[in-house]
Amino acid sequence: MSEKRALLTGAHFMNGDVACAEGAIAAGCRFFAGYPITPATEIAEHLSERMPEFGGIYIQMEDEIASIAAVIGASYAGLKAMTATSGPGFSLMQENIGLAVMTETPCVIVDIMRGGPSTGQPTLPGQQDVMQAKWGSHGDYGIIALAPSSVQEMFDLTIEAFNLSETYRVPTLLMADEVVAHMWERVVIPSSSKIKIVNRKRPHGSPNKYMPFMPDDDMVPPIACFGEGYRFHATGLTHDEHGYPKTQSSEVQSKLVRRLCEKVSKSSDKIIRIEEVMLEDAEVAVVAYGIVARSALSAVRRARKAGIKAGLLRLITLWPFPEAHVAKAAQQAKAMVVPEMNCGQMVREVERAAKGTPVNFVSKLGEDPHTPMEILEAMRRNS
Amino acid sequence: MPERIRHKPLGLEKVKHPKAEIHLIVDQCKGCGYCIQYCPKKVLEESRDINARGVYPPRIVDESKCVICSFCTAVCPDFAIFVVEKPCKETC
Amino acid sequence: MFEKEVHPFSNYLRSAMIPHIWCPGCGNGIVVNCFIHALDELQKDLDKLVVISGIGCIGRTAGYINADSFHTTHGRAIAFATGVKLANPELEVAVISGDGDLFAIGGNHFIHAARRNIGIKVICANNFNYGMTGGQQGPTTPIEALTTTTPYGNIELPFNLVHLAAASGATYVARWTTLHVRRLTQSFKRMLQKEGFCFIEVITPCPEIFGRRNKMKTGLEMMEWFRRASVVENFSDPAKAEIMPEKIVVGEFVNVEKVSYEKLLHEKIAKINEKRMKW
């Protein structure tokens, strides 16, 4: 049993699900609890094979709710933990995602989006869960969601997701779509010295003075884990810095909930990642994410060849929403084009940030992502 | 139950009773009455004075009758009563 | 000036949270009292204990015991506990929750954890209703009992929890009432020294909410019901261990040896890696 087996440094040809699993392993994830669901099953299957090689824990739980609950438990017991699912499972997990937010549990939840709503199109892509990523659980809270566009990003962004969740003590979502999850591409897994790993902030000071929800200046409290003598309490009820329930105080509620929101929003400049292609002088700016961004990139290149000053703003971080970047692109552009595989979700955020610059939504549902021609047509109409 | 009160040594006329010290955390009592009801020696009764919670806590009737069975200690839902054994001297 | 009395178990309780919120006569305090008693007699290392509870009055227990503790969402305590135990099998993981939390919304997690034989210790405070939310019917509410959602009398047959636990694969199954304080403490001790999934049902009085609606408006009346009706039938068939107005069968029903899931998992991992080394 050796940690050397964990990191498969080298070049590989693999699919997105497997890359995501390897990314988790590279990030130090040593606990996975999941439930089979197309198109995320391969993540579970791959980890069921790989985890034992270095003493990691894999368990198939009885449902998605149990999976996320077990992940939160394992995280509090000190392991980096992850689960993976798709739309129906993601809906089931919402209550416990809220628990993870409220108890500030570092963990990663992967949602391989498929056609919805309900059972929908299990084997085909969709981008219909992206708003749910931000608003899915009840109550107000801040959360981080990333959208990979390639198999390499399935690997890289899974590591990033773990790092973010450990830094901000918040569940982090990896919102991939079925195409990115199932397609095969070349992935380069670097050596361990080239991979940045962030571990959670541990408490400083004596156990009997430890307050599990007393934030440092960065609004993030250090986290102890079970079995180290801290004897702390965590609850989903509104609580004070000691972690004890304080459900009758509006002051406590206000302080806690606002901090849970601002912990993420106030650090958004450190969290947000985007990719800009030919955006500096773009008159038509395409804002896209996930597999659709791949088509959008091709469309932008063709548009340039056709004389249209097109540019692409690829959202790598969906939440917190890259408002400032969208606003900047909107300022100089005459129009924006937002292709999504849904009936209009992130486009609403783009409209909000674009402050008046016309935004044209290109919707596509079912079967295939937008073709570059479909996006190019929309750009032509708006240039 | 202390070992020495289970066996009566031969030739001993009087069994030596352990001496109990019954402690009442009066204001923590919620007046359920379990300790009073289930004391095998009827050592407790309801007090005539209410405590800070507005209920009637137990009152010790005769501490010398207590055999330190500790049922009251175990059955109290509020950790408001406990019995310990007074250190035993030759004369007890 | 009187010295402030300090209960011998005060080290086991979080002083900032005591006195607890439970009603006068509520059996939850007795469950906690006996559990602490067992911890004390075994001199358990509290630094290695994790107390996990669900939603309900008994769910507040996690906040009261002075150990690492977690108060989960409704019904999910056992799933959470599974994650904790697998991540660190050295921890003593106890789930203390209620009949509705463990067997209605949490029923699925209960049967699977028992099936897997994961080494968590589950204590169910069964008060026959959903007390915290005002007294609704639950999966253990007796026939014809009055609750806020069965105002004409309950017609749903209740679960026999010890039968369910035994059938699902638990290695230790017992049922006691809060009147059986000594046997309950002994059962807690046995459970804390046992490998695998253990389950203890504790029938607890809920006078304010359940008893009051069912002709037992004080804790004493409920405890008297326990005293009149309970019969100790150790190792009798759990399928026949009923709870009726005239008979409450209590006792230890199952006490077997079976390898725990976490041990099996680690053995499997070791075997897999042995094979790999031999290549």
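**Exercise 1. Find out what share of the residues in chain C is buried.**

Solution. Start with the cut-off: a residue is buried if 20 or more other C-beta atoms lie within 10 Å of its own. In this predicted model, buried residues make up 57% of the 279 residues in chain C.

Now turn to the overall form. The C-alpha trace of chain C spans about 70 × 55 × 35 Å along its principal axes. Its radius of gyration is 19 Å, close to the 19 Å given by the globule rule for 279 residues, so chain C is as compact as a globular protein of that length.

Finally, look at the contacts in chain C with a separation of 6 or more: 66% of them join residues 24 or more positions apart.

**Exercise 2. Count the helices and strands of chain C, then trace the open sheet and name its edge strands.**

Solution. Step one is the count: chain C has nine helices and ten strands.

Step two is the sheet. Nine strands form an open sheet with mixed pairing, in the order β10(A)-β2(C)-β1(C)-β3(C)-β4(C)-β8(C)-β7(C)-β10(C)-β9(C).

Step three is the edges. They are β10 (233–235) of chain A and β9 (230–232) of chain C, each of which pairs on one side only. Between neighbouring strands of this sheet the average turn is 15 degrees, direction ignored.

**Exercise 3. Work out in which sense β3 and β4 of chain C pair, and which helices lie on the strands.**

Solution. Begin with the pair itself: β3 (residues 92–98) and β4 (residues 121–126) of chain C run in the parallel sense, with five bridges. To find one of these on screen, go to Val95(C), whose bridge partner in β4(C) is Val122(C).

**Exercise 4. Describe the side of chain B that touches chain C.**

Solution. First the numbers: 18 residues of chain B are in contact with 22 residues of chain C. Next the elements: α1 (34–38) and α2 (71–75) of chain B each give two or more residues to this side. The largest share, three residues, comes from α2(B). Last, sort the residues of this side of chain B by type: eleven are nonpolar, five polar and two charged.

Note on methods:
Residues are numbered from 1 along each chain as its sequence is written. Chains are lettered from A and ligands numbered from 1 in the order in which they are written. This is a predicted model: local features need pLDDT of at least 70, side-chain atom pairs count only at pLDDT 80 or more; totals for chains, interfaces and linings use all residues. Two residues are in contact if their C-beta atoms, placed from the backbone, lie within 7 Å. Helices (H or I, at least four residues) and strands (E, at least two) are DSSP runs, numbered from the N terminus. Ala, Val, Leu, Ile, Met, Phe, Trp, Tyr, Cys and Pro count as nonpolar, Asp, Glu, Lys and Arg as charged, and the others, Gly among them, as polar. Two strands pair if DSSP finds at least two bridges between them. Axes are lines fitted to C-alpha atoms, for helices over the stretch in contact, and angles run from 0 to 180 degrees between N-to-C directions. The radius of gyration is taken over C-alpha atoms; the globule rule is 2.2 Å times the number of residues to the power 0.38. A residue is buried if 20 or more other C-beta atoms lie within 10 Å of its own, exposed if 12 or fewer, and partly exposed in between; C-beta atoms are placed from the backbone.
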